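Biologist: I am new to reading structures. Could you take me through this one, feature by feature?

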Amino acid sequence: MASASQLLQYVISGVTVGSTYGLTALGFTMIFNTTEIINFAQGEFVMLGGMLAVFAIRWGGVPLPAAVALSVLLATAIGVVIDRLTIRPVRGRSVIALIIITIGVSILLRGGAMLLFGKDTYSLQAFSGGAPILIGGAALLPQSLWVVGITLFTLLGMKFFFDRTISGKAMLACSCDRKAASLMGINVEAMVTLSFAFSALVGSLGGVILAPITLTSFDVGILLGLKGFAACILGGMGNPFGAVAGGVLIGVLESLGAGLLSSGYKDAVAFVILLALLFVRPTGLFGKRMTERV
Amino acid sequence: MSFLQKNAHLGGLLALAVSVLLAPRFLPNEYYLTILIVGGFHVLLTVGLNLLMGFTGQISLGHAAFYGLSAYTTGILTATFHWPVPAGFAAAVGLVVVVAWLIGIPTLKLKGHYLAMGTLGFGVIVFIVFNEATDLTGGPSGFTGIPKLSAAGLVVSSDRQFYYVVWGVVLLLFALAQNLVRSRVGRALRGIHTSEAAAAVLGVDVAKYKVFVFVLSAFYAAIAGALYAHYVTFISPGTFSFHTSVQLVTMVVLGGMASLWGAVAGALFLTVLPEALRAIESYDILMYGGILVLCMIFLPGGLAEGFRKSAEAVRGLFVPKSPSEGGKARSPR
């Protein structure tokens, strides 16, 4: 049986990793709320966040804070380009077409990263010191504090954005009824582009703060994206707080599963939860039961 | 004439059968035969997936899992437990059908994105099991010693024999699919694609048909998987990853949704192309992504539509454009 300190350790690492799942889930939520598209390339933004920062340091020799800012900015720009080049031309087409396109985009991003950066795994230096803080026999990495802090900050920022700013309200209006929003003078196209930009920003931020803890490589995006989606479903699709809570919960369950059961099946935990939820309660733990929008 | 027209699909089938018979004569060496055999597996998988995606409008991003589940089942039963090949084969296909049915019932209640993610999640779980259940599957290093395909004392030992077996199965299952889409069931499936509500109002049991076509497409994948296992005799998880599921979707999309001939064209094209592009191997991942995006934006009907459009364009060159003539040329009575 695992000791209390071991359990605490699992929970700490679960919350840390889970926070970044939560950020990925936030990215899904932003795009879904404005367009009802699930962006299958969401995980690639997370990958880009980590990889771009690593290579800004390796190739550009820039200091860490600048590298972080640069990678998030670049990823955001990529998000905007994706919307303009691939999503806008097919707006209004069937769900299956949009799914296929975002899958295609995710493959292009992953393949591009592989060709540009190679197939190796890289690590990013921690934001502040590497010495762990000991709490009740469990080690807490300073980076974990960064991760949790930035996640909470982002979440509050999003809440502020949607509640208090005109753009945020305009984005919410687009998700309620696109046509009505456009009749009220909201530039729907611009709002969609904005949602892609935000979603890339949030995703890459998650990637860059996670990179010092877990290593990063060109292909981490698939699993991270899927887990982010599982977090969305767990928290109820479209609900930002649910998304982050779902991410943290999946992170903790995964970490406990790896520690107590078997580390090989660690990655399966999120998907078993995902499938079980989809089958039993597709609206998520915190979601309201919705009738289908026609 | 009317008989010929009514049975135009039989003509196509006959042409396919003849090309299958003749193809080996024109191949420079055995290596090309291997490519055609692999192409046959892909055609089976793509035709099955197209029934689900193209005709019914449901997506599966976990089809490689059915393919792999069947390959591993027959592999393990015949190599580890020394079952005769036909028994292993049948058990594998049976298992996949049952699994697809169990997965299908809850999953197909889901729509669009949820279905995509549900099937994807299933695919990832199965892939992880292939890698982690090392005692049974050999783990990441693969599973060896699967016997060659055999039945009633006859062993399919050479590539040439195997080629005829695979393509015989392809012809059979292709004809089955062709019949299905032309039948009442096919119309029901297309109805579901267009509008589930409208189909339901017209008396189509939407849930039943969705599960049926999901299981059927898994059945096609299972046949391909079991054949594959007894052909290569060595299987490893990599063959059945998410990447394969995406490749299969790409084949369907490239060939053209809701076109069985498109499925054949897409599968063969994407089997041959990577072979032809061996020199730039590491770029092939970009190729799949590019095809998916470009096809969806510029050619949503895939090769099938492209072919039809160019045929019409060519016809337009020769037939003078007067409304009556044009109508005549398109549908001669």
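This is a predicted model: local features need pLDDT of at least 70, side-chain atom pairs count only at pLDDT 80 or more; totals for chains, interfaces and linings use all residues.

Biologist: Which residue follows H2(A)?

Modeller: A:Gly61 comes after H2(A), and its phi is positive, near 65°.

Biologist: Where do B:His82 and B:Thr233 lie?

Modeller: Both are in loops. B:His82 lies between helix H4 (63–79) and helix H5 (85–107) of chain B. B:Thr233 lies between helix H11 (206–232) and H12 of chain B.

Biologist: Is B:His82 buried or exposed?

Modeller: Count C-beta atoms around the residue. B:His82 has 9 others within 10 Å, so it is exposed. B:Thr233 has 16 C-beta neighbours inside 10 Å, so it counts as partly exposed.

Biologist: Now two helices together. What describes their packing?

Modeller: Two things: the angle between the axes and the distance between the axes. Take helix H3 (residues 30–55) and helix H12 (residues 242–255) of chain B. They pack at about 70°, with axes 9 Å apart. Angles of 65 to 115 degrees count as roughly perpendicular, so H3(B) is roughly perpendicular to H12(B).

Biologist: Which residues make that contact?

Modeller: From H3(B), they include B:His42, B:Leu45 and B:Met53. From H12(B), they are B:Leu248, B:Met251, B:Val252 and B:Gly255. By class, the H3(B) and H12(B) contact has six nonpolar, five polar and no charged residues.

Biologist: Next, the two chains. How many residues does each chain give to the contact?

Modeller: Chain B gives 32 residues and chain A gives 34. On the side of chain B that touches chain A, H6 (112–132), H12 and H14 (284–298) each supply at least two residues. H6(B) gives the most, with 13 residues. By class, that side of chain B has 23 nonpolar, eight polar and one charged residues.

Biologist: Can we pick out a single residue? What does A:Ala97 touch?

Modeller: A:Ala97 sits in helix H4 (residues 95–117) of chain A. Set aside its neighbours within four places in sequence. A:Ala97 is then in contact with A:Val90, B:Met296 and B:Pro300. It has 17 C-beta neighbours inside 10 Å, so A:Ala97 counts as partly exposed.

Biologist: Last, the whole of chain A. What secondary structure does chain A have?

Modeller: Chain A has 11 helices and two strands. The order from the N terminus is α-α-α-α-β-β-α-α-α-α-α-α-α.

Biologist: What radius of gyration does chain A have?

Modeller: Compare it with a compact globule. For 294 residues that rule gives a value near 19 Å; chain A has 19 Å, which agrees. Its C-alpha trace spans about 60 × 45 × 35 Å along the principal axes. Buried residues make up 51% of chain A.

Conventions:
Residues are numbered from 1 along each chain as its sequence is written. Chains are lettered from A and ligands numbered from 1 in the order in which they are written. Helices (H or I, at least four residues) and strands (E, at least two) are DSSP runs, numbered from the N terminus. Axes are lines fitted to C-alpha atoms, for helices over the stretch in contact, and angles run from 0 to 180 degrees between N-to-C directions. Angles under 35 degrees count as roughly parallel, over 145 as roughly antiparallel, 65 to 115 as roughly perpendicular and the rest as oblique. Two residues are in contact if their C-beta atoms, placed from the backbone, lie within 7 Å. Ala, Val, Leu, Ile, Met, Phe, Trp, Tyr, Cys and Pro count as nonpolar, Asp, Glu, Lys and Arg as charged, and the others, Gly among them, as polar. A residue is buried if 20 or more other C-beta atoms lie within 10 Å of its own, exposed if 12 or fewer, and partly exposed in between; C-beta atoms are placed from the backbone. The radius of gyration is taken over C-alpha atoms; the globule rule is 2.2 Å times the number of residues to the power 0.38.
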